[in-house]
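Please keep the sequence and the structure in view while reading.

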Amino acid sequence: MNENELVFIEPATADAIPFTTSEIIAEYAEVSIDTISHLLRKHKSDFEEFGVLGFKIRKPPAGSKGGRPEKIYELNEEQATLLITYLKNTPQVRAFKKELVRQFYAMREELTNRKIKRASLKPVRRSMTDAIRDFVPDSPHKSMQYRNYTNLAYLTVTGMTAKAIRRSRGASRNANAADFLTADELAAVERASHHISVLIESGFFL
């Protein structure tokens, strides 16, 4: 079961709250979605002790006949754990619960590492800004150099510019692309930014 993604973050930033869905729980615990939805409605006040019981409305596929919009609940770790206690303790439910616990833990660890890497990237990026200011020749376009060198670091690591990262990861056009990088990507961008600073100080420019 571990190759399946059970836990999500939205938006994909370090401050997001990991969640799973009623649909995921129904599928992997092998329980009908109607049963899961009934339990969530019946014990709504219990689940809301651990946060807002969020949901999204999914419309029937375009062109399909019949059907009606479906409410898909989004549950944080505590809510998902509580919901599973209301299910029969079948082998499938136990296996699913263990994997869900693993993935929630892994996601929390990833988000913590993102915050750490994001903080350590800041002084390196300041160093690159200083190198551009002090070593790149003056020109009418010097104000664009920081963006160019930043994009170079992003391209080296992800193959995408900041704009492409925002677009591919559902970020707004004004969002900071670094906020949507994984911990490993942030670490690699930090290394790339350091190398770029060294090259700038050595007289190599775009």
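## Fold and order of elements

In what order do the elements of the chain run from the N terminus on? They run β-α-α-α-β-β-α-α-α-α-α, and the secondary structure comes to eight helices and three strands, where helices (H or I, at least four residues) and strands (E, at least two) are DSSP runs numbered from the N terminus.

This is a predicted model, in which local features need pLDDT of at least 70 and side-chain atom pairs count only at pLDDT 80 or more, while totals for chains, interfaces and linings use all residues. Residues are numbered from 1 along each chain as its sequence is written, and side-chain values use heavy atoms, with hydrogens and water left out.

## Dimensions and burial

The chain has a radius of gyration of 23 Å, whereas a compact globule of 206 residues would have one near 17 Å; the radius is taken over C-alpha atoms, and the globule rule is 2.2 Å times the number of residues to the power 0.38. Along its principal axes, the C-alpha trace spans about 70 × 40 × 30 Å.

Of the 206 residues, 38% count as buried, a term that means under 20% relative accessible area, with exposed meaning over 50% and partly exposed in between (1.4 Å probe, protein chains only).

## Salt bridges

Side chains of opposite charge can pair when their charged atoms come close. The structure holds twelve salt bridges, each being a side-chain nitrogen of Lys or Arg within 4 Å of a carboxyl oxygen of Asp or Glu. One of them joins Lys-56 and Glu-74, with the closest N and O atoms 3.9 Å apart. Lys-56 lies in strand E2 (residues 54–58) and Glu-74 in strand E3 (residues 70–75), so this pair ties together parts that are 18 residues apart in sequence.

Another salt bridge joins Asp-179 to Arg-118, with the closest N and O atoms 2.8 Å apart. Because Asp-179 lies in the loop between helix H7 (162–168) and helix H8 (183–201) and Arg-118 in helix H5 (residues 91–135), the pair ties together parts 61 residues apart in sequence. Asp-179 is partly exposed at 32%, whereas Arg-118 is buried at 18%.

The side chains of Arg-169 and Glu-185 also meet in a salt bridge (2.7 Å, N to O). Arg-169 is in the loop between H7 and H8 and Glu-185 in helix H8, 16 residues apart; Arg-169 counts as partly exposed at 25% relative accessibility, and Glu-185 as buried at 16%.
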